[in-house]
Structure formats: structure tokens, C-alpha cells
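Welcome, and thanks for taking a look at this one. Here is a short briefing to read alongside the coordinates.

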Amino acid sequence: VYILVVMTLDRFLKIVFPFKVWLHFSKRVVHGVLIVGWTLCITLTALPLIPLDYFRPHEFYTQSGFCLPLMLNYDPSKEATLNARKSTGLEDGIALNRQRQQTYSHFNGWEYSFALFNVVNLLAFLLIAAGYLAIFVATMISKSKSKQGSGQEQERRMALKLMWIVGTDFCCW
């Protein structure tokens, strides 16, 4: 998704501002942006592996059979285990208080998971959709100024291609 956002930004700058070469990404800038992005993505993915109380009991990636930190199914045995820990006092005070405040359906770190899977991807989708819409509008304005009429089939194909790009990104989200 990160790479799709970078590609959209690059296409947007080159199509909407074709003569402002200083706005276009050079190979060096692209490498830097990708290295920073991959470093950020790996850091965000590895953060739950660090022993922080927020992700306790450190089962962030084992909450479902998909190894994704999303509550996709309900497991009554985990609820029973959680209730047993509460009643026997097996956890330390901070973790016990945190578990008492949460329901089973919201495992530790669920806010982090929700933000990464839903909020970040929604923002990326909106950026991609807005970028391709701006590309389409800029292309139509450019064609109308240059008086290149009767290219409706070409316009339709371009609109369809842009719609497929945004549509598949939406489906992935």
C-alpha cells in the first residue's frame, strides 16, 4: 500500500505538473523515500514484539489463526482463561487492571491494530483515489485546451483504467 501511494504521488506530479521537473522524483529520491517507508513499515510491524505492557500478554500476532492482529473470531476458551487470570490474581496489578477494563472482544493492542489496518489504509486509499481523480481531471482539461476532440474512446479507456486501479485498491482495503 505504501508503494502504491508513492507510485500515485509520482504519477500525479509527472502528469499534473509535467513542466515542473524539480517536482518530479529522481532515482535517488525514490530510493530514499522507499528506504524510509520500508523502515517505518518494519518498525510498526515489529513494535508489538517488544515487551511493552500495552501488548501484554505478548500474543499480539496469535489472536487469530491468520497470524493477523485482528479479532476475526470468538474463542470462548480465551475468555475463560482471561476470567480465570482475573479471579486468581495471576497477573501483576497493572496488567490485571488493564484486563478488567477491557472486554474479551478487544484484545490487548486492538487500538494499534485498528489504526494500522483501517485508519492508515483508509488514508492511503483516499490519497490514491484523490491522486487518480486529479490525474483524470488534469488530462481532460489538457485535452480540452488543446482541442483534441473526438477521443471519447481513448478517454473512456483511460477512465476505466484509473477506475480499476482505485477499485482494486479499495477491494484490498
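Predicted model: local features only at pLDDT ≥ 70, side-chain atom pairs only at ≥ 80, totals over all residues.

**A salt bridge and a helix**

**The salt bridge**
- The structure contains one salt bridge.
- D10 pairs with K14 in a salt bridge, and their closest N and O atoms are 3.6 Å apart.
- D10 and K14 both sit in helix α1, and because they are four residues apart, about one helical turn separates them.

**Helix α6**
- Helix α6 covers residues 152-172, which makes 21 residues.
- From first to last C-alpha, α6 reaches 30 Å, close to the 30 Å expected at 1.5 Å a residue.
- L162, V166 and D169 are buried in α6.
- Viewed down the axis of α6, the buried residues fall within an arc of 55°, so they line one face of the helix.
- The face turned away from that buried side carries exposed residues, among them W164, M163 and K161.
- The cover over the buried residues of α6 includes α1 (2-16) and α5 (110-145).

**Annotated spans**
- An unreviewed UniProt entry carries the annotation "transmembrane region" for residues 29-50 and 114-138.
- Residues 29-50 are 82% helix and 0% strand, with their end C-alpha atoms 31 Å apart.
- Residues 114-138 are 100% helix and 0% strand, and their end C-alpha atoms lie 35 Å apart.

Technical notes. Residues numbered from 1 in each chain as written. Heavy atoms only, no water. Helix = DSSP H or I, 4+ residues; strand = E, 2+ residues; numbered from the N terminus. Expected span 1.5 Å × (residues − 1). Buried < 20%, exposed > 50% of the residue type's maximum accessible area, 1.4 Å probe, protein only. Arc of directions from axis to C-beta. Contact = heavy atoms within 4.5 Å. UniProt positions renumbered as here; feature names shortened; annotations may be inferred. Salt bridge = Lys/Arg side-chain N within 4 Å of Asp/Glu carboxyl O.
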